[in-house]
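Please read it with the sequence and the coordinates at hand.

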Amino acid sequence: MSAVLAAVLGATLAGCSATGGKRAEERAAKAAQGRAAVDTPRWTFAMVTHSGDGDTFWDIVQSGAKQAAAKDNIKFLYAHDVEGNKQAQNVQAMIDQKVDGLIVTLAKPDAMKDVVEKARKAGIPVITVNSGSDKSKEFGALTHIGQDEVIAGEAVGEQLNERGKKKAVCVLHEQGNVGHEQRCDGVKKSFKGEVQNLYVEGTNMPNVQSSIEAKLQSDKDIDAVVTLGAPFAPTAVKAAEQAGSKAEVDTFDLNAKVAEALQAGKLGFAVDQDPYLQGYEAVDLLWLYRYNRDMLGGGRPVLTGPQIVTKDDAKTLAEYTKRGTR
Amino acid sequence: MSAPATAPVQDAPDERLVHRSYLRRLLGRPELGAVVGAAAVFVFFSFVADSFLQASSLSTVLYASSTIGIMAVPVALLMIGGEFDLSAGVMVTTSALVSSMFSYQMTANVWVGVGVSLLATLAVGFFNGFVFTRTKLPSFIITLATFLMLTGLNLGFTKLISGTVSTKTIGDMEGFESARAVFASHFTIGGVDVQVTILWWLGLVALATWVLLRTRVGNWIFAVGGGADAARAVGVPVRRTKIGLYMAVAFCAWISGQHLLMSYDVVQSGEGVGNELLYIIAAVIGGCLMTGGYGSAIGSAVGAFIFGMASKGIVYAQWNPDWFKFFLGAMLLLATLLNAWVRKRAEASK
């Protein structure tokens with residue numbers, strides 16, 4: 001047993017990598033954390049999202065929220081569930097704990113209506129993030145931080161027009177997410193060509209690839225594939241290569257791989273909504289509200305996107321995507 | 001069955017008539033392992049989560065348990081009867097979709113939709129049972145097929161009829177308020193908000209326990225799960241019992257589905273996938289054997305309660321939710337091991 005352990009340790013020491021790996025990550029991550037910059041009481045803020053397990057997008061939101069929490073002397077809690085009623089139960093559990101502030105997503109607004117109301121009655125300030133900009137005010141949230149999905153979709157449509165595309169596929173990876181439908185509707189609105197929706201099973205990457213492949217093989221006229229999440233863009237690129245299609249892949253959201261692929265010219269463009277900023281601003285605004293009754297937006301959503309990211313921008317952003325904050 | 005030479009001595013009493021002590025009988029109950037496990041999980045979270053013991057938190061935990069528990073009851077009965085139903089999770093969504101879309105599209109009173117949904121859901125349950133008893137294929141395969149078909153139908157029909165992936169709101173339609181009062185209301189007891197699903201759940205557990213332990217149908221369920229051929233030989237209507245069990249699952253799916261619809265007045269067509277496993281987990285933690293013939297309805301309730309405590313306890317304990325599934329799996333393993341051990345001990349001491 002100890003011999004095996006020694007062998008493994010030895011191999012690890014002997015085989016050091018000068019590039020990448022944990023050390024490179026640690027070097028890049030120096031900005032995160034830090035000490036509290038204020039001496040307000042240690043409030044507890046909770047974020048409850050509709051994220052699935054292990055979603056990179058929500059990791060970035062969380063790292064933004066944690067950064068703000070560190071600065072603002074906040075204890076930050078996080079819970080998530082893809083199913084509307086379970087997400088609502090998690091919000092209820094946070095209310096039971098008498099947290100000092102709540103951040104929720106309204107991807108399934110009807111399921112969240114009652115608990116948001118309860119939080120308000122319990123005197124807990126609520127900010128909505130990411131999805132649900134149209135319902136936020138109605139439910140009594142202080143403000144909404146995110147991007148307007150329809151506007152983001154329209155931005156993509158315009159960008160496709162500029163690039164002279166004629167026929168696009170919009171790849172939806174989460175069935176039942178209203179925000180995703182809105183994005184594709186936005187693309188349809190501004191794009192002069194034809195848009196088709198393609199539903200794929202987002203939790204099953206090989207399935208995503210084969211579905212896109214099949215779509216591209218069955219219709220050779222498709223010259224643009226739009227994925228709704230960053231992790232699906234490289235998969236779509238692979239699918240296009242496999243299918244022998246010349247279609248350009250463009251995507252919503254950003255991550256390290258997308259930034260790399262943009263630089264390498266494999267992707268056309270990405271539309272970023274800056275998840276880091278959504279997490280950061282939500283916590284920071286709740287702090288401001290607790291401390292000084294401040295609020296941004298004036299009753300309208302505070303927009304963090306859309307920002308169109310092309311090859312040139314990707315170069316400057318690569319550093320940040322690598323450490324997981326963009 | 002044994003030769004006369006090995007027959008017991010005449011004056012030893014018949015073993016079926018021996019009076020077993022209360023403790024012995026308690027140890028022989030299928031749900032004992034689960035009760036011990038539930039107590040352990042409860043004590044554990046009472047210590048690690050400050051807000052867990054508040055009445056309001058317990059009410060949230062009970063609500064989470066009841067949403068699983070309502071379905072775990074018939075799933076447990078079905079498992080005692082020796083079969084699985086993998087379509088139970090999406091059937092809940094199907095049921096909610098049917099009543100919502102029927103009411104909306106026909107502009108009918110919500111109760112009409114609720115009634116139509118009951119018929120449609122029972123029909124799905126009947127289909128499962130009928131195909132299974134006719135083909136004699138494993139129920140695993142039959143209900144897996146139903147599961148996939150329902151998932152597709154849910155999304156396909158919803159998109160076709162509503163144009164989006166969720167249904168249109170029926171919150172402003174006639175009959176909605178009374179239907180909500182039945183399926184999704186909540187009331188206050190001693191300052192604590194209690195959801196009506198908890199009553200449905202307890203009622204179903206009581207009903208199922210009575211059926212299992214005090215009626216002829218209950219004996220049939222144990223018999224068909226223990227050995228279908230032997231049961232048929234002594235005159236148990238095996239086919240009817242199994243079809244009935246599938247329809248019981250459908251009936252409870254209808255209750256859960258109506259709850260889902262009435263609490264939020266719209267339904268997401270993609271939901272419910274994966275929940276069927278949670279129901280089976282609750283039944284197994286509660287002492288149901290995968291091979292049938294053994295288990296209890298109360299056990300399924302305790303299993304669902306453990307599930308509710310674990311899923312919400314992690315939030316109250318302020319842990320990173322990434323670990324939840326691991327915790328659930330470990331608990332399932334421990335509970336089944338504990339069950340097996342307790343049962344062995346109980347049988348050895350008989």
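E276(B) is buried, with 25 other C-beta atoms within 10 Å; a residue counts as buried if 20 or more other C-beta atoms lie within 10 Å of its own, as exposed if 12 or fewer do, and as partly exposed in between, with C-beta atoms placed from the backbone. This is a predicted model, in which local features need pLDDT of at least 70 and side-chain atom pairs count only at pLDDT 80 or more, while totals for chains, interfaces and linings use all residues. Residues are numbered from 1 along each chain as its sequence is written, and chains are lettered from A and ligands numbered from 1 in the order in which they are written.

E276(B) belongs to helix α12 of chain B. Helices (H or I, at least four residues) and strands (E, at least two) are DSSP runs, numbered from the N terminus. Leaving aside residues up to four places away in sequence, E276(B) touches D85(B), L86(B), S87(B), A88(B), G89(B) and F147(B). Contact here means that the C-beta atoms of two residues, placed from the backbone, lie within 7 Å. I68(B) is 208 residues from E276(B) along the chain, and their C-alpha atoms are separated by 9.3 Å.

The helix around E276(B) can be described in the same terms. Of the 11 residues of α12(B) (residues 275-285), 10 are buried, so the helix is largely enclosed by the rest of the structure. Among the buried residues are N275(B), L278(B), Y279(B), I280(B) and A283(B). G287(B), which follows α12(B), has a positive phi, near 105°.

Y279(B), I280(B) and A283(B) are also partners of V75(B), which touches D85(B), A88(B) and V249(B) as well, not counting residues up to four places away in sequence. V75(B) is one of the residues with the most contacts inside the largest nonpolar core, together with M94(A), V171(A) and V283(A). That core has 190 residues, a nonpolar core being a set of buried Ala, Val, Leu, Ile, Met, Phe, Trp, Tyr and Cys residues joined through C-beta atoms within 7 Å. It draws at least three residues from each of domain 1 (33-147 + 274-295) and domain 2 (149-272) of chain A.

Next comes the interface between the chains. In total, 25 residues of chain B are in contact with 21 residues of chain A. On the chain B side, α3 (55-80), α11 (238-264) and α13 (297-316) each supply at least two residues, and α3(B) gives the most, with six residues. By class, this side has 10 nonpolar, 12 polar and three charged residues. Ala, Val, Leu, Ile, Met, Phe, Trp, Tyr, Cys and Pro count as nonpolar, Asp, Glu, Lys and Arg as charged, and the others, Gly among them, as polar.

For chain B, an unreviewed UniProt entry lists several residue ranges as "transmembrane region", including 110-132 and 323-342. UniProt positions are given in the numbering used here, feature names are shortened, and annotations may be inferred rather than shown by experiment.

Chain A contains 12 helices and 12 strands. Of its 326 residues, 56% count as buried. Its domains, with bounds from an automatic or database domain assignment, are domain 1 (33-147 + 274-295) and domain 2 (149-272). The C-alpha centres of domain 1 and domain 2 of chain A lie 29 Å apart. Seven residues of domain 1 are in contact with 13 residues of domain 2 in chain A. The domain 1 side of this contact has two nonpolar, four polar and one charged residues.

An open sheet of six strands in chain A has the order β2-β1-β3-β4-β5-β11, with parallel pairing; two strands pair if DSSP finds at least two bridges between them. Its edge strands, β2 (74-80) and β11 (302-303), each pair on one side only. Within the sheet, β3 (residues 101-105) and β4 (residues 126-130) of chain A pair in the parallel sense over four bridges, and L102(A) stands opposite V126(A) in β4(A).

Strand β8 (residues 224-227) of chain A also pairs in the parallel sense with β9(A), over four bridges. There, A224(A) has E248(A) of β9(A) as its bridge partner. Five of the five residues of β9(A) (residues 248-252) are buried, so this strand is largely enclosed by the rest of the structure. Both of its faces are covered, with E248(A), D250(A) and F252(A) on one side and V249(A) and T251(A) on the other.
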